[in-house]
Amino acid sequence: GFKCGIVGLPNVGKSTLFNALTKTAAAQAANYPFCTIEPNTGEVAVPDPRLKKIAGIAQSKEVVPTRISFVDIAGLVRGASKGEGLGNQFLANIREVDAIVHVLRCFEDEDIAHVEGRIDPAADAETVETELMLADLESLERRIVQTRKRATGKDKEAITVLPMMEKALALLQDGKPVRLLLADLAAEDLHILRSLNLLTSKPVLYVCNVAEGDAAGGNAYSAAVEKMAGAQGAKSVVISAAIEAEVAQLPEDEAAEYLEAMGLEEPGLDRLIRAGYELLDLITFFTAGPKEARAWTVKKGAKAPQAAGEIHTDFERGFIRAQTIAYDDFVRLGGETAAREAGKARDEGKDYVVADGDVMLFKFNV
Ligand code: GDP
C-alpha cells in the first residue's frame, strides 16, 4: 500500500494526530477485514462520497473504501542527520514512505515546551528540512564517487543515473531540497530520481496544528506556513490535533454536533487523508456489483492491466479488456445496464490509461 510518514519536531502534536487517525481506523476496523494496525502504522479509509453513490445505484451489500497508511516517525531533532536522538532509525523509517506529512506547531501553550523555546513554524520546517538535506548530501556524496568511477569505466547503468545524481548534488550543495527537480521531469528521469530514494525528493504536505479556536480559520502562524509552502510548490492544511483527538472518541452524531460547534464541516482528518492521497499522486477507480461496491487505488497514469492487478495478480496476467464506465455516466444514467444500453460502457484494452472515477469490470483469462 501507499504510505505517508508523519514527521516533525518533538511536541508539535504528531502523536496526538496519529492516535486520532488510528482511533478512527480502529473504529472502522470491524467493517474492513484487511485492516492491520501496527504500533506505528495506521491504515485509514479514504473518504470518497462517490463510493456511496455507486453502492446505492448498484444496490451493493458491502461498501469497501480504499485505504492508505500513515506512519508515525518519531525521533527527529536537530542533529538527526549526524545520528543525534533516534537519528539513524528516523532516517531509515523516512526512506520507506512515499510522501511526507510534516506537522508544524502553530499553537501557543506555555505548559508545553517547544524544543527551540519559541513558536515559529516556518523556522521549524527549515530545521527539519536541513536535517533531511544534510542526510541526502552525505549519502549522495558517498554514492556518487562510485558512480563516477563506474561511468568512466563505461558502465551503462552508471552513465544513465550519473547526470541526475549530479543535478541533485548541485541542488543540495546549494542548500535546496531535491524536490525542486520534480516539477519538470520527463517520466524516465522521474523514475531515475525516485530510484535514488533521497529523503528530500519525496513530496511534502505541511500540517499546521493550531489551537482549537483557530481550527476553522487558521491563524497568523498557519498563514506564514501557507506562504512558505506556496513558495515551494507544496501544500498545507490547517488542523487542530486536539479537536481531532476529541472527535475520534465521540459517537458519529455527537462528533457531527461538536464539529459544527467548532465551525467545521467535516473532520480535519478527512481533509488530511484526502490531501495525503493527492500528495501521493493517486487516483481511484471503482468496481460495483450486488455483493460489494469498492474503491481501489492506482498511481496516476496507470494502465488498465495494472488496475486489474490491484484486485488480483491473475487479473493482470490474464488481462483481456476492461468494460469502463465514467463515474458521471454511471450516476447520470443509473448504473451499468443503462450505461451499456446508452453506449457509455467502453471496452478498453491494455493501453488504456485509467481515469479517476472509472467504474470498471475486467475480462481476463485464468
Ligand atoms: P509529538 O511529540 O509531536 O508527538 O507531540 P504530542 O502529540 O505528544 O503532543 C505534545 C503535547 O502537546 C501533548 O501534551 C499534547 O496534548 C499537546 N498538544 C498537541 N496538540 C495540541 C494543540 O493543538 N493544542 C494544545 N494546547 N496542545 C496540544
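Guide: The expected span of a helix is 1.5 Å times one less than its number of residues. Keep that rule in mind for this structure, which is a predicted model.

Visitor: What makes the span of helix α10 close to the one expected?

Guide: Helix α10, residues 268-279, has twelve residues, for which 16 Å is expected.

Visitor: Which residues of α10 are buried?

Guide: They are G268, L269, L272, I273, A275, G276, Y277 and L279. To be called buried, a residue needs 20 or more other C-beta atoms within 10 Å of its own. Just after α10, D281 takes a positive phi of about 65°.

Visitor: How do you know that the length of helix α7 agrees with its residue count?

Guide: Helix α7 covers residues 220-231, and its twelve residues should span 16 Å. The end C-alpha atoms of α7 are 17 Å apart, which agrees.

Visitor: Which residues of α7 are buried, and why are they said to be on the same side?

Guide: Y221, S222, V225 and A229 are the buried residues of α7. They cover an arc of only 90° around the axis, and therefore they sit on the same side of α7. An α-helix has 3.6 residues a turn, so residues three or four places apart point the same way.

Visitor: What covers that buried side, and what does the face turned away from it carry?

Guide: The cover over the buried residues of α7 includes β5 (99-106), α4 (121-152), β6 (204-210) and β7 (235-239). On the face turned away are the exposed residues A220, K227, G230 and A231. Just after α7, G233 has a positive phi of about 70°.

Visitor: Why is Q59 called exposed?

Guide: Q59 has 11 other C-beta atoms within 10 Å. The limit for an exposed residue is 12 or fewer, so Q59 qualifies. Q59 lies in the loop between α2 (49-58) and β3 (62-64).

Visitor: What is the phi of Q59?

Guide: Phi of Q59 is positive, about 50°, although Q59 is not a glycine. Most residues other than glycine have a negative phi.

Visitor: Why does K154 count as exposed?

Guide: K154 has 8 C-beta neighbours inside 10 Å, which meets the limit of 12 or fewer, so K154 counts as exposed. K154 is placed in the loop between α4 and α5 (156-173). Phi of K154 is near 65°, a positive value in a residue other than glycine.

Visitor: Why is D314 called partly exposed?

Guide: D314 has 13 other C-beta atoms within 10 Å. Exposed requires 12 or fewer and buried 20 or more, so D314 falls in between. D314 is found in helix α12, residues 313-317. Leaving aside neighbours within four places in sequence, D314 is in contact with F364 and V366.

Visitor: Which residues are closest to the ligand, and how many surround it?

Guide: The ligand is surrounded by 16 residues, and the closest are G13, K14, S15, T16 and D109. The largest share of the shell around the ligand, three residues, comes from α1. The shell divides into seven nonpolar, seven polar and two charged residues.

Visitor: What does UniProt list for residues 281-364?

Guide: An unreviewed UniProt entry lists residues 281-364 as "domain: TGS". In the model, this span is 31% helix and 37% strand, and its end C-alpha atoms lie 27 Å apart.

Note on methods. Residues are numbered from 1 along each chain as its sequence is written. This is a predicted model: local features need pLDDT of at least 70, side-chain atom pairs count only at pLDDT 80 or more; totals for chains, interfaces and linings use all residues. Helices (H or I, at least four residues) and strands (E, at least two) are DSSP runs, numbered from the N terminus. The arc is that of the directions from the helix axis to the C-beta atoms. Two residues are in contact if their C-beta atoms, placed from the backbone, lie within 7 Å. A residue is near a molecule or strand if its C-beta atom, placed from the backbone, lies within 6 Å of it. Ala, Val, Leu, Ile, Met, Phe, Trp, Tyr, Cys and Pro count as nonpolar, Asp, Glu, Lys and Arg as charged, and the others, Gly among them, as polar. UniProt positions are given in the numbering used here, feature names are shortened, and annotations may be inferred rather than shown by experiment.
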